[in-house]
Amino acid sequence: MSKALVVVESPAKAKTIEKFLGKNYTVKASMGHLRDLPKSQFGVNIENGFEPKYINIRGKGELIKSLKEAAKNADTVYLATDPDREGEAIAWHLAHILNIPENTTCRIEFNEITKPAIQQAVKKPRPINLPRVYAQQTRRILDRIVGYKLSPLLWRKVRKGLSAGRVQSVAVRLICDREKEIQAFVPEEYWTITAKLKEKTNSKIFDAELVAIDGKKLDVNNAIQAEGIVSDLNQAEYIVSDVKKRERKRNPYPPFTTSTLQQEASRKLGFTSRKTMMVAQQLYEGLDIGRAGQVGLITYMRTDSTRVSETAQQEARTYVENKFGLNYLPDKSPVYANKKSQDAHEAVRPTTLELAPDTIDKNLSKDQLKLYTLIWERFIASQMTAAVYDTLTIEIMAGQYKLKATGSQLKFPGFLAAFSGTIGKGKEVEQTADSDLDNETTLPALTSGQVLKLNKLDPKQHFTEPPPRYTEASLVKMLEEKGIGRPSTYAPTIETIVERGYVERVDKKFLPTELGFVVLDLLKQYFDKIVDAEFTAGMEDKLDDIAEGDASWLSVLEQFYDPFAKDLSFAEEAIGHVELPVEVSDIPCENCGRMMVVKQGRYGNFLACPGFPACRNTKPILKDTGVKCPKCSGAIVERQTKRRKVFYGCENYPECDFNTWDMPLKDSCQVCGAFMVRHKYKNGGVSAVCSNVACSTRQTPENKETPVKTDNNEKQAKSQKTVANRRKKSG
């Protein structure tokens, strides 16, 4: 029987697929891209029709040789790279390396790594989709033009190590513009007045909020106005004017797309976008779950679609009926509208409902289990009936004033029953309109015309608040809403703007730095289109047109490059050297006595002598924990490793070598007097314990280290992370 070679991107995926195909198939991994534009040069011939210069990636020689040998010995070669534009481009490069003609039926794709999906895919090979390849190539060339032409300008005019990009520059602008809104915000005073009412003397008290006067919406803007209204209300009689009872339905949320998965993982699990995509890649490519062996647990995680296959819907209906009952099953499977016209893939969902999270929890790492549970519960919920609430609205008149009390009670949980509570039901990102149903409030059964008793009035002063700073979740949501970039690029984009020092993460929110403001102002003045959200979104639409075969990739590049080149030439002449603002500290230099200044480096901020290069003294910025070193009584300060992992050590290092991974606390141990620390156990638990490991309190059962399961996918995870990092470059 003939032998076939299947080439995928990662070893983990190769191992999973090989199990499904049998002995007549050999499955090998390309480890991501094998060809790319050179790092050391521009690599695009502008004068010759934007011809890209592709070279084999350095260090891939042995792998390429091995793949060529395997292809030579195979009767058929299938290129099974990921089912997206980048995967199509990787397949195209593989075809070039392995001497496979473009028009041969060598390309197979699948949305999930399961036995039926893989076996079906090899029965339906197709030629490489060249429009998809051209779309990805255009994106790569656009990013190369901006990165290799604009970034050196920033190096010369501002500082070395900076970069600019089509998507990252717009992301920085969003964060900087929001910060300017916050800085310019002027808070306005307003008051709310709540009446504490009851039906009878001994009845339960409920709240009714003042909403109108003489039929018009009431705005209370100062204390004098509030005092006058409170005086009137204290003298008024409270009569129920209207009681409205109704049933409200809260519909289930659509299954995850890439963007909503990143948002929810950030909100509920505290994952960065990069971490979410890395763990999702592991779940997609396959994990060893015991007797079943290597199994792909979720469908492809790079998707804009909320579509679900009929097979998956039917499996979900069977599961819901057996697990929850017929009342939780809608008459027909729900269909969710897609925001974008692209519908190449399904939503992110479990590949099979036979592998519930609680049945394979011992085979997954902690992070894998959290994300799998999030995806599992979201998908099950999406196929269930709506939750039903009984809502009650009571309108009350107190003279000329109108008050309103609202309450709701969950009548039927519907899709909410799918959530275990481990991660939390919460308000999902698409469901903010239903926030009033999240907190159940019970109101008494009242009738129109009924007179109520006033217990007391509660006037409260408030001030309007500025718009919040972006979190990872809200930034991803905004990028998606504005059509900037693609969900698969959000993770590397966010990491890049943090690494370049344009923004900082402070309490899980993005705060722009002075460098970010300076670079953005420069780009807005000389390259306004590069940082314009509408222009960037329009470019994404053009890439979509190329992928659909409706636009010429060469024309798109020409339309972009000609005005960009003129802007670049003008900026080179017009911009002088830009001096960055300097923050002067109160710490003198030990060598020359000058006050040291705050500088920004690869690993964050540090102190440097302003006398550079005559004086090259530098020192880290130390954050005092307020706890004294047990060895020398110096201050214990927060430090970071080169990988930015936080630890705590004595300020007198290297003379004093005390250090600990545990965060010091100001509390003292009641047994030995040593300071307490916030200790994280191997099993994930956290508690305050004595810093003295010899202290008797450390030997109690609850404070002893407990065994933790070994992540048997550690090596696999590392290889997947390597592939993910390589894929970032073509983002």
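Reader: Happy to be looking at this one with you! By your rule, to how many salt bridges does the count come?

Author: First, a word on the source: this is a predicted model, so local features need pLDDT of at least 70 and side-chain atom pairs count only at pLDDT 80 or more, while totals for chains, interfaces and linings use all residues. Residues are numbered from 1 along each chain as its sequence is written, and side-chain values use heavy atoms, with hydrogens and water left out. A salt bridge is a side-chain nitrogen of Lys or Arg within 4 Å of a carboxyl oxygen of Asp or Glu. By this rule, the count comes to 35 salt bridges.

Reader: How many residues apart in sequence are the parts that aspartate 521 and lysine 180 tie together?

Author: The side chains of aspartate 521 and lysine 180 form a salt bridge, with 3.6 Å from N to O. Helices (H or I, at least four residues) and strands (E, at least two) are DSSP runs numbered from the N terminus. Aspartate 521 lies in helix H14 (residues 514-526) and lysine 180 in helix H6 (residues 166-184), so the parts tied together are apart in sequence by 341 residues.

Reader: Which elements each supply at least two residues of the positive patch?

Author: The patch of positive charge on the surface gathers Lys366, Lys370, Lys645, Arg678 and Lys680. Lysine 370, for one, is found in helix H11. The elements that each supply at least two residues of the patch are helix H11 (366-382) and E28.

Reader: And what makes a patch in the first place, in terms of accessible area?

Author: Lys and Arg count as positive and Asp and Glu as negative, with His and the chain ends not counted, and a charge is placed at NZ of Lys, CZ of Arg, CG of Asp or CD of Glu. Areas come from the Shrake-Rupley method with a 1.4 Å probe, and for residues only the protein chains shown count as cover. Like charges are joined within 9 Å, and nonpolar side chains (Val, Leu, Ile, Met, Phe, Trp, Tyr) within 5 Å, among residues that have no salt bridge and a relative accessible area over 30%.

Reader: What is the bridge partner of glycine 649 in E26?

Author: E23, E24, E25 and E26 form, in that order, an open sheet of four strands with antiparallel pairing. Within this sheet, E25 and E26 pair over two bridges. The partner of glycine 649 in E26 is asparagine 659.

Reader: Which residue takes a positive phi in the hairpin of E23 and E24?

Author: E23 (residues 623-628) and E24 (residues 635-640) pair over three bridges, and aspartate 624 stands opposite valine 637. Their hairpin has six residues between the strands, and the residue with a positive phi, near 70 degrees, is serine 633.

Key
Two strands pair if DSSP finds at least two bridges between them.
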